[in-house]
Amino acid sequence: MSLRLYLAMTDAEIRSAASLPRHLAFMACHFSPYGAGLTNIPQRLPPESILIVNDRVPVLHHDPALIFRQLKSAVERLKVFGVLLDFQIGNIPLTSQIVKTLVDGLPCPVAVSPAYGAALSCPLFSAPALHQRFCDLVPLKKGRSLWLDTYEETANYKVTATGCHIDEGIYPADTRFFDEELQCSYGLSIEKDCAGFTLSRKAEEIPKYLRAAEQAGITVAVGLYQQLSHIPAFSSNSPPQKEMPPRG
């Protein structure tokens, strides 16, 4: 498989793992709650890793120029494959400024979540909804690459005469069938005034899902180590290496 699956790990998971994934994504870097830059940038990572920056600490008085210098130094020192800006708190002008500064200046691919990447030409970190096919993302991509956000999920669709209501991940999955187009399991129920559909993608179905993603031209996927590391198809993704990146 030419698609590279990166497993996102916390500090604690890295320190306790018997071996590290072949493709590792470090997910503990965030805005400093005490200064103008980032904190928890690792001192060491396996080559070709991904460095994830999140907005768990919301941006406030942070300095885009300082953050750029910090990440440029880390990218060059760690020899990372790329940087993932997993920013989920939308509509913040300073975050938009930080994203543009990093996308324009860093010497590696910079993927951005939809909250801030829609108007840029960088890779987009996203995934089709359970009711969408990979080809449904073609208008969204607009010729750019997609880093696939990969995880277990469940959604419940309630269809009535007035439309469709979707609840994501609220009810246990009641699924009995598998749809090749959507690459997920599904179940259905018919009531007097509505039809209910449950769509679910379980961890053990993700290897097949990634093969379909590869056929659609996607080359990078990022998933959680805690969800995917136990799947046999990904067990060989971890060669016998053990080198902890200390906090920096």
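Buried means under 20% relative accessible area, exposed means over 50%, and partly exposed covers what falls in between. Keep that in mind for these views of a predicted model.

**View 1. Val-159 and its neighbours on the surface.** Val-159 sits in strand β9, which runs over residues 153–160. Its relative accessibility is 32%, so Val-159 counts as partly exposed. Together with Leu-188, Ile-190 and Phe-197, Val-159 makes up a nonpolar patch on the surface. The four share about 340 Å² of accessible area.

**View 2. Inside the largest nonpolar core.** This core takes in 54 residues. Which of them touch the most other members? Those are Phe-31, Leu-38, Val-53, Leu-71, Leu-85, Leu-148 and Leu-210. There's also a second, separate core of twelve residues, with Ala-8, Ile-52, Phe-125 and Trp-147 among them. In soluble globular proteins, nonpolar side chains tend to be buried together.

**View 3. Helix α6 and what follows.** Helix α6 covers residues 206–215, and its buried residues are Ile-206, Pro-207, Tyr-209, Leu-210, Ala-212 and Ala-213. Just past α6, look for Gly-217, which takes a positive phi of about 95 degrees.

**View 4. Stepping back to the whole chain.** The chain has eight helices and 14 strands. Of its 248 residues, 49% count as buried. The accessible surface comes to about 12,300 Å², and carbon and sulfur atoms account for 54% of that. As for contacts between residues at least 6 apart in sequence, 68% link residues at least 24 apart.

Note on methods. Residues numbered from 1 in each chain as written. Predicted model: local features only at pLDDT ≥ 70, side-chain atom pairs only at ≥ 80, totals over all residues. Heavy atoms only, no water. Core = buried A, V, L, I, M, F, W, Y, C linked by side-chain atoms within 4.5 Å. Buried < 20%, exposed > 50% of the residue type's maximum accessible area, 1.4 Å probe, protein only. Helix = DSSP H or I, 4+ residues; strand = E, 2+ residues; numbered from the N terminus. Patch = residues over 30% accessible without salt bridge, like charges linked within 9 Å, V, L, I, M, F, W, Y side chains within 5 Å. Areas by Shrake-Rupley, 256 points an atom, 1.4 Å probe, with all protein chains shown as cover. Salt bridge = Lys/Arg side-chain N within 4 Å of Asp/Glu carboxyl O. Contact = heavy atoms within 4.5 Å.
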